[in-house]
Amino acid sequence: MPVDGEVPWQIAEHTAAKHDIYRRYLERWFPILLGGANAFPSATYAEGFAGPGVYKDGEPGSPVIAIKALVDKVANSRPVVKFLFIDDDQRCVAMLQEQILGRFPERPRAPEKLRVRYVKGTCIDQLEANLDDLEAWGQPILAVLDSWGNAPIDYKLLQRLASNVATEVIVTFGSQSFVRFVSKLGPAADAVFGGDQRWREVAHLDDGPAKRQHMLNCYRETLGSAGFKHLLDFELVDRRGEVLYLVFGTNHQRGVEKMKDTLWDVDPVKGVGFRDPRDEQHETLFEVDEPLVAPLGRLLLPRIQAAGPKGIRVHDLRKFALHETVFRQQHVIRALEPLRASGKIETTTDGPIRISSFVRLRQG
Ligand SMILES: C[S@@+](CC[C@H](N)C(=O)[O-])C[C@H]1O[C@@H](n2cnc3c(N)ncnc32)[C@H](O)[C@@H]1O
């Protein structure tokens with residue numbers, strides 16, 4: 001759907017935070033794959049909803065951020081790096097091309113080493129065909145699929161991406177249009193979830209947060225069923241309460257760890273906080289330097305309860321935090337300490353809580 005309004009548009013607060021995440025992640029992704037002795041000969045960065053490459057006050061868009069991350073962080077000019085940018089609004093495609101030529105007038109790579117392709121068309125029609133044509137498969141791909149939230153992405157393509165070597169996706173998903181128009185949306189909406197119609201149960205849920213939660217769970221499951229082993233999802237919330245939900249899918253634990261490091265490195269001055277979509281109290285963490293660990297405590301308690309009187313090892317709770325929450329492993333002991341101090345949990349041995357400790361609900 002072309003942009004409804006002028007191009008370029010004003011940047012939203014959480015877009016700036018999202019860009020900070022992209023930049024920091026790409027500054028890790030490119031060197032890991034292309035920089036060392038075991039570098040891949042090639043990699044592709046593809047956007048299915050690229051935008052115009054610039055915002056109203058001149059801030060760079062994600063395609064510009066991606067190219068800059070490569071040229072800043074990979075000195076090695078051996079690998080071939082392909083950038084594919086698709087957008088279905090001709091104004092965005094033209095502006096993006098202008099921006100990239102203007103911002104990188106003398107590309108520090110020969111054109112055959114840094115290939116940039118712009119395509120006017122929809123993500124569904126163009127992304128896979130262009131990845132084929134660029135011979136991107138068999139080498140790492142990072143697909144950034146940043147629609148306005150309705151995620152019109154081919155599920156079969158997600159499956160193909162999930163089975164490709166060292167390939168990761170970052171998808172922006174919004175629940176509003178699915179929640180509001182559930183009874184009017186047809187098979188194209190089911191296709192977003194790989195044909196699974198369980199998302200439609202949203203019509204029978206009665207409160208807004210439960211509906212949102214259901215939709216986010218369904219989308220997360222869609223990426224899981226497409227074949228991504230590790231998923232990291234989180235919400236970016238600005239001071240006015242505007243929310244952006246992102247899901248990152250990878251098949252490598254290292255990818256999750258790097259993305260998690262990225263999230264917690266994000267510049268705290270942007271006034272945007274994180275929220276774990278599973279926190280029942282929807283608490284947003286604005287102070288990333290001093291994270292409020294109460295939401296993590298609420299996510300850990302059911303795990304500890306399920307373990308029964310034998311308890312669960314802190315080591316296992318750290319794994320859970322890494323893979324199933326927005327928090328880092330290092331946050332776990334900080335979240336357990338106040339739970340123990342308030343008498344909700346106990347450790348099976350005295351002294352400080354350690355990675356090897358067992359914790360359980362307080363007995364008696
Ligand atoms: C959220 S903006 C992208 C912003 C960009 N990723 C950034 O961070 O700078 C979404 C873009 O997707 C484009 N778009 C909307 N529906 C599309 C579709 N089905 N296929 C391709 N592009 C689409 C719009 O024209 C818009 O430029």
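**From the domain contact into the sheet**

Mentor: Let's start at the meeting place: 13 residues of domain 1 are in contact with ten residues of domain 2. Keep in mind that we're looking at a predicted model. The domain assignment puts domain 1 at residues 13-275 and domain 2 at residues 294-361. Taken over C-alpha atoms, the centres of domain 1 and domain 2 are 33 Å apart. Together the two domains bury about 960 Å² between them, and carbon and sulfur atoms give 55% of that area. On the domain 1 side, find Gln253, Lys260 and Trp264: they supply 49% of what domain 1 buries against domain 2, more than any other three residues.

Now for the sheet. Which strands make it up, and in what order? Eight of them form an open sheet, running E3-E2-E1-E4-E5-E7-E6-E8, with mixed pairing. E3 and strand E8 (272-275) are the edge strands, each pairing on one side only. From one strand to the next, the twist averages 15 degrees. Helix H9, residues 253-265, packs on this sheet and touches E5, E6, E7 and E8. Its direction makes about 15 degrees with that of strand E6 (230-238).

Zoom in on E7, which sits between E5 and E6 in the strand order. E7 covers residues 243-250 and runs antiparallel to strand E5 (residues 168-173), with five bridges joining the two. E6 and E7 are antiparallel as well, and pair over eight bridges. Look for Phe248 in E7: it is the bridge partner of Ile170, and also the bridge partner of Leu232. E7 is mostly covered, too, with seven of its eight residues buried. In the hairpin of E6 and E7 there are four residues between the strands, and one to click on is Gly241, which takes a positive phi near 90 degrees.

Next, hop to another helix, H2 (residues 62-73). Its twelve residues reach 16 Å from first C-alpha to last, close to the 16 Å expected. The buried residues of H2 are Ser62, Pro63, Val64, Ile65, Ala66, Ile67, Ala69 and Leu70. What covers them includes strands E1, E2 and E3, along with helices H1 and H3.

Finally, cross over to strand E11 (residues 358-361). Strand E9 (residues 312-313) pairs with E11 in the antiparallel sense over two bridges, and there Ile312 stands opposite Val359. Strand E10 (residues 345-347) also runs antiparallel to E11, joined by three bridges. Within that pair, Glu346 has Arg360 as its bridge partner.

Notes. Residues numbered from 1 in each chain as written. Predicted model: local features only at pLDDT ≥ 70, side-chain atom pairs only at ≥ 80, totals over all residues. Heavy atoms only, no water. Expected span 1.5 Å × (residues − 1). Buried < 20%, exposed > 50% of the residue type's maximum accessible area, 1.4 Å probe, protein only. Contact = heavy atoms within 4.5 Å. Pairing = 2+ DSSP bridges. Axes fitted to C-alpha atoms, helices over the stretch in contact; angles between N-to-C directions. Domains from an automatic or database assignment. Buried area = accessible area lost by both parts, 1.4 Å probe.
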